[in-house]
Amino acid sequence: MRTEYKIDPRLLSWIKKNMGGCPQVPDDLRKITKLDSDKVNRSSSTEGYITPKWLVEERGDFSLLGELPNLEYLRINRFDLGDWSFLPRCKKLRTLIVQNTDFTDCRLLAELPLLESVSLPAKSKLKHREVLDTIKAKATGANIEEEPPFYRDEDYQGMESILGEEIPVPGWEGGSGVRCVSVQFCGKTPAGWKAFPHGEYQEDNWLQLSQEDKERLAEELAEAIRKENVAGLSLSVEPWGEENFLCGEFAPGWAALWYDDMENGIAYTIHNTDYDTVEDLCPIEIGGQSPVPKMWALEDMEEAARIVRCYLLNGTLAPGSRWLKDDR
């Protein structure tokens, strides 16, 4: 074994939780036979968790997985590794569970001679699926399960793509513009928002601000979105924030925005035209439960900030923004 290994800090955390400690010498890597990214270690002890110098943390490097010579079970859940080229080196692997990941290349599985059980992402995400037939045909053929898609394209064929300036935003009792705002920040709260009553819905909390304060807070919120410092938001044209609102939830590198016109029973979700399927999911889960297709989320934080700022200050969806209309 080598004397120094690069390792993503998240992989390091998985190893520590599965081992109940940290490998202290390279030969300890031989002790790892099972690795589950969701493993919870409930021990309060810190003994044995110090990271040795031969493990060098480097974000995005998961190649150490290929240096675990006795790994028999690998489960990675709701996580994108980017590079799966380590996999053929896991020659003793018997169980592989990677349903909710960015695994795509089935050819890598052909080089795992002891594979008995495989759980893969949805069929639409996989490349070189013909390899699966070869693996199944072996005398010791593995049990292969492909994850059914959470959303199916055939269920959403009727959604119309429409520009933001073409979407009417009804006001409240003849008025117009945002009246009630709630924002959840995931890091340091911007200075101007510390005194703003937005932890829970506050009646007309935005309407009561001066125009100068609205512009200042709108820019602070836009900057927080650009810096990925926002977890979620709700901007409503109704006094108590209960209907006709623009909402957003965020994850690193992604922003899911949707507009609900509850008065007319129409919902709009942001349209990422770089994707043409709802079966490919991004890391966002609405309410921690419902995943969001990449087609319904932005990777452009500048564009997300522009849309939110425009809605806050003008009560309209930003010109040029693209939305999918669902009035089923």
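Where does Glu228 lie? I found Glu228 in the loop between helix 3 and strand 10. Helices (H or I, at least four residues) and strands (E, at least two) are DSSP runs here, numbered from the N terminus.

Basis. I am working from a predicted model, in which local features need pLDDT of at least 70, side-chain atom pairs count only at pLDDT 80 or more, and totals for chains, interfaces and linings use all residues. Residues are numbered from 1 along each chain as its sequence is written, and side-chain values use heavy atoms, with hydrogens and water left out.

Positive phi. I looked up the backbone of Glu228 and noted a positive phi of about 60 degrees, although the residue is not a glycine. Glu228 counts as partly exposed, at 40% relative accessibility. I use buried for under 20% relative accessible area, exposed for over 50%, and partly exposed for what falls in between (1.4 Å probe, protein chains only). Arg78 is another non-glycine residue with a positive phi, near 50 degrees. Arg78 sits in the loop between strand 4 (73–75) and strand 5 (95–97) and is partly exposed at 46% relative accessibility.

Cores. I then turned to the nonpolar cores, each a set of buried Ala, Val, Leu, Ile, Met, Phe, Trp, Tyr and Cys residues joined through side-chain atoms within 4.5 Å. The largest has 41 residues, and Leu65 and Leu109 touch the most other members. Strand 1 (5–7), helix 1 (9–19), strand 6 (117–120) and helix 2 (130–137) each supply at least two residues of this core. Helix 1 gives the most, with four residues. I listed the contacts (heavy atoms within 4.5 Å) of Leu65. Leaving out residues up to four places away in sequence, Leu65 touches Leu11, Leu35, Leu71, Leu74, Ile76, Leu81, Phe86 and Cys90. Another core, of 40 residues, lies apart from the largest one and includes Val183, Ala222, Ile266 and Tyr311.

Helix 2. Which residues of helix 2 are buried? They are Val131, Leu132 and Ile135. These cover an arc of only 100 degrees around the axis, so they are on the same side of helix 2; the arc is that of the directions from the helix axis to the C-beta atoms. Asp133 and Ala137 are exposed on the other side of helix 2. Strand 6 and strand 7 (143–146) are among what covers the buried residues.

I traced an open sheet of seven strands, in the order 8-16-13-12-11-10-9, with antiparallel pairing. Strand 8 (160–163) and strand 9 (180–185) stand at the edges; each has a single partner strand, so one side of each is left without a neighbour in the sheet. Pairing requires that DSSP finds at least two bridges between two strands. Strand 8 and strand 16 (residues 322–326) pair in the antiparallel sense over four bridges. I noted that Ser161 has Leu324 in strand 16 as its bridge partner.

Cysteines. How many disulfides are there? I count zero disulfides, taking a disulfide as a pair of cysteine sulfur atoms within 2.5 Å. For Cys22, the closest cysteine sulfur is in Cys90, 18 Å away, too far for a bond. Cys22 is buried, at 6% relative accessibility. For Cys310, the closest cysteine sulfur is in Cys247, 16 Å away, too far for a bond. Cys310 is buried as well, with a relative accessible area of 12%.
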